[in-house]
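The exercises below ask you to work through one protein model with its sequence and structure at hand. Try each task before reading the solution that follows.

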Amino acid sequence: MTDAKEEEGREPSEVTEAVPAVTVAEAEASDHKEPEAEDKAAESAVSAPSEEPVTFAQVAKENRQEEAKEETYVPRQIALTLSRVEPWSVMKMAFLLSVCLGAAMIVAAFIVWLILNMMHVFSSLQEFVKSIDSSGMVAGLVELVTLPRAMALSTVIAVCNVALLTALATVAALLYNRVAALVGGVHVTFQDE
């Protein structure tokens, strides 16, 4: 009785009990141990105050992890239909992609011309034409394969490709929308891994 009266007179911070910190793993292990092992586990829990007490969130997280391990993974599948393509976005994408292809074609033409020039293909072609044509009529054709003319020709072809590919892609998007309205579009099934 005197102890209870003394505790009532104390501040709440002074009244504390020594509660052993037990982790979830120790609590589960103690359920499966024999009584002697339970006493040893309790003593080790009291002697190891450095471990933090278990929170509800930790227990819930471990339970979710155990449930996830027990369940077999079944990938989800989703069936979608591509029923309409926006022609404006197709035109923008086709334009940008065709510009990239045009730039790649110009660079490729430049590299091919440099390789052929280093292999002396143009000089041997010019000598061959001179040996065949003494009048010089065909010699004018060799002048068409100089670097400035080759770059100008590849640039003109690249610009034409940009215009044609952009127009064709836009027309293809419009045609797809008309056909998809009749047929229902392209059915696609996605599956997560």
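**Exercise 1: a loop residue**

Histidine 120 is found in the loop between α5 and α6, in a model that is predicted. Determine whether histidine 120 is buried or exposed, and describe its phi angle.

*Solution.* Begin with the relative accessible area of histidine 120, which is 53%. Exposed means over 50%, so histidine 120, at 53%, is exposed. Turn next to the backbone, where phi of histidine 120 is near 60 degrees, a positive value in a residue other than glycine. This positive phi is taken just after α5.

**Exercise 2: an aromatic pair**

The structure holds one aromatic pair; decide how the rings of tryptophan 113 and phenylalanine 122 are arranged.

*Solution.* A pair of aromatic rings is described by the distance of the centres and the angle of the planes. For tryptophan 113 and phenylalanine 122 the ring centres are 5.4 Å apart and the planes stand at 25 degrees. Planes under 30 degrees apart count as stacked, and the pair is therefore stacked.

**Exercise 3: an asparagine in α8**

Locate asparagine 177, and work out what its side chain and its contacts reach.

*Solution.* Asparagine 177 is found in helix α8, which runs over residues 147-183. Its relative accessible area is 14%, and because buried means under 20%, asparagine 177 is buried. Leaving aside the neighbours within four places in sequence, asparagine 177 is in contact with Arg84, Val85 and Pro87. At Val85 the detail is polar, since a polar atom of the asparagine 177 side chain lies 2.7 Å from the backbone oxygen of valine 85.

**Exercise 4: salt bridges**

Find how many salt bridges there are, and say which residues form them and how accessible those residues are.

*Solution.* Side chains of opposite charge can pair when their charged atoms come close. With a limit of 4 Å between nitrogen and oxygen, the count comes to two salt bridges. In one, arginine 76 pairs with aspartate 192, with the closest N and O atoms 3.5 Å apart. This pair links distant parts of the chain, 116 residues apart: arginine 76 lies in the loop between α4 and β1, and aspartate 192 in the segment after β2. Arginine 76 is exposed, with a relative accessible area of 63%, whereas aspartate 192, at 29%, is partly exposed. In the other, the side chains of arginine 84 and glutamate 86 meet at 3.9 Å, N to O; glutamate 86 counts as partly exposed at 44% relative accessibility.

Definitions and conventions:
Residues are numbered from 1 along each chain as its sequence is written. This is a predicted model: local features need pLDDT of at least 70, side-chain atom pairs count only at pLDDT 80 or more; totals for chains, interfaces and linings use all residues. Side-chain values use heavy atoms; hydrogens and water are left out. Helices (H or I, at least four residues) and strands (E, at least two) are DSSP runs, numbered from the N terminus. Buried means under 20% relative accessible area, exposed over 50%, partly exposed in between (1.4 Å probe, protein chains only). A polar contact is a pair of N or O atoms within 3.5 Å; within protein, one must be able to donate a hydrogen and the other to accept it, and residues adjacent in sequence count only if both atoms are side-chain atoms. Contact means heavy atoms within 4.5 Å. Rings of Phe, Tyr and Trp (its six-membered ring) pair if their centres lie within 6.5 Å; planes under 30 degrees apart count as stacked, over 60 as edge-to-face and the rest as tilted.
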